[in-house]
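Please look at the sequence and structure shown here. A short report on them comes next.

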Protein chains: 2
Amino acid sequence: MHRMRARRSHRFHHDDPGSESDSSTPWTASMRHKFREENEYRGASFWMDCYEKVSKTAEKYKRATEEHKREIEDLKAKNFFLRLWIQTDHDDLGGRSHDPGFSDVVLFAAEDGPNGGQSKPVLAHRAVLASRSPVFKAMLEHEVKESQSNTIKISEVSYDALRAFVNYLYCAEAFLDQQMAYDLLALAERYQVVHLKAYCEKFLVSKLKWDNSIVNYAFAHQHNAKLLLKAALSLIIVNKDKLKKRPEYSELIKKDPCLVVELLEACLAKQENTACSTGTI
Amino acid sequence: MHRMRARRSHRFHHDDPGSESDSSTPWTASMRHKFREENEYRGASFWMDCYEKVSKTAEKYKRATEEHKREIEDLKAKNFFLRLWIQTDHDDLGGRSHDPGFSDVVLFAAEDGPNGGQSKPVLAHRAVLASRSPVFKAMLEHEVKESQSNTIKISEVSYDALRAFVNYLYCAEAFLDQQMAYDLLALAERYQVVHLKAYCEKFLVSKLKWDNSIVNYAFAHQHNAKLLLKAALSLIIVNKDKLKKRPEYSELIKKDPCLVVELLEACLAKQENTACSTGTI
């Protein structure tokens, strides 16, 4: 029995590492430790054999790593070539901005509120806006007001966010903090810039914690950010006992009670599932 | 002595695989075979130890491979986002072309020769041309003839090559054969599109053989393609005894005797170097 078990785990350990099934191969230190324990009675030739097989595996991965490195260098060079940017003196953009030369359209941010007004202009190119956003494309191709006047007014956005947004359309780069990620995700959803939306969502998920999970849940719901919504919901469900103490929760009840109903229903469903699987119901 | 040698090669084999010095680590089958032979007198615990170390190395490379794969996916998505192209029905472009929407400049190919004339127009955008090529930038920013008329005439080029060239400026993609690689490299050098030049040069080097080495040498010299020049020269030097029999050689003497002088001087220098190192002089 002991021998059989050992043989089985030996075979398991040496599954072809390049194959898809490799994801289940036990590469962790604890799995190796177990494998050693199970086979420690074996002789030098067995371990020499194991050494040889794993060496081949390591070699295969090493070659793959080298190939990948070359591919990454090529792709980075291609990205660099495809960007449309110039060097600037603006520190907030890391010294880079999109190139406003030969621009044929001007964007203005129009912030709401008592101090709201028209911002400084952000110069751009119809071809680039249309290429990156199907919403801009439709807007520019059809003779709407914006198209005729060569001016596009973007409401409910700050100048800085609009500038970062347009910059992203040229360079696929943005320097995010929490607020900028919210602003850019909202713009990306509005103008259907899928790549930017995914970029912001990934950032917000990485910054997710219990303290900001309710705010993020409401935000994700409003802007159709499914990944963020799911991640925030998971965090809220884990902390559901503390939910009523959070001020954001009370605010959300006032602002959007239907969303709170959805949230509580999800908590309940999860509770029932857990109860069923552990057999307490 | 036997033990000392074995210990040294053991240490050598287990250099940190992540470090720079790893390039010298003997990962080949023959090196492994030698290592086994040198250490075959050793016991199970030695080989168990080797197995453990190489497993860790394999794990490290496996993790690197997974990280690289994710990075490659991200970079590919970024590339896709940064391209400016539309679907087309043209099979020669693999169903893709740059988007001529909102174009503000028109390029024409002007082929030389008895049938030369003005080609079909290739629509483009000043912002893109200027961003990809410092020559176009200077041409468009200063009030030269082309800039005023919104028309740029490109001499000594076919319509197909011009179209592929402009397409590359938008998508960083081209479908190359030998002739197209020559045409695009010449254009890339003329308009200083470094990325395209490197792409064509790599392709031409990969297609290099004795049969086309003289033609490639002359071409590389004419268009300042250093990598191709070096590769072609190496091939010519290896086959220098057959040089005089090639018709391209006689043609080159007529067309550019100075270049043949350079070529022969390089052959001679190589011969002297080889003679010195083998001690025949």
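Predicted model: local features only at pLDDT ≥ 70, side-chain atom pairs only at ≥ 80, totals over all residues.

Residues are numbered from 1 along each chain as its sequence is written, chains are lettered from A and ligands numbered from 1 in written order, and side-chain values use heavy atoms, leaving out hydrogens and water.

**Chain A overall.** Chain A has 13 helices and 5 strands. These are DSSP runs, numbered from the N terminus (helices: H or I, at least four residues; strands: E, at least two). Of its 281 residues, 45% are buried. Buried means under 20% relative accessible area, exposed over 50%, and partly exposed in between, with a 1.4 Å probe and protein chains only. Among contacts in chain A with a separation of 6 or more, 58% join residues 24 or more positions apart. A contact means heavy atoms within 4.5 Å.

**The two copies.** Chain A superposes on chain B by a rotation of 180 degrees with 0.1 Å of shift along the axis, at an RMSD of 0.2 Å. That is the relation of a two-fold axis.

**A helix pair.** The axes of H9 (residues 194-206) and H11 (residues 226-238) of chain A come within 9 Å and cross at roughly 10 degrees. Axes are lines fitted to C-alpha atoms, for helices over the stretch in contact, and angles run from 0 to 180 degrees between N-to-C directions. H9(A) and H11(A) are therefore roughly parallel, a term for angles under 35 degrees. A:Glu201, A:Leu204 and A:Val205 in H9(A) meet residues of H11(A) including A:Leu228 and A:Ala231.

B:His125 sits in the loop between strand S4 (118-124) and helix H4 (126-132) of chain B. B:Ser213 lies in helix H10 (residues 210-222) of chain B.

| Residue | Relative accessible area |
|---|---|
| B:His125 | 5% |
| B:Ser213 | 0% |

A polar atom of the B:His125 side chain lies 3.5 Å from the backbone nitrogen of B:Ser103. The B:Ser213 side chain reaches the backbone oxygen of B:Trp210 at 2.9 Å. Not counting residues up to four places away in sequence, B:Ser213 touches B:Leu208, B:Ala232, B:Leu235 and B:Ile236.

Terms used:
Least-squares fit on C-alpha atoms with pLDDT ≥ 70 in both. Polar contact = N/O pair within 3.5 Å; in protein donor to acceptor, adjacent residues only side chain to side chain. Parallel < 35°, antiparallel > 145°, perpendicular 65-115°, else oblique.
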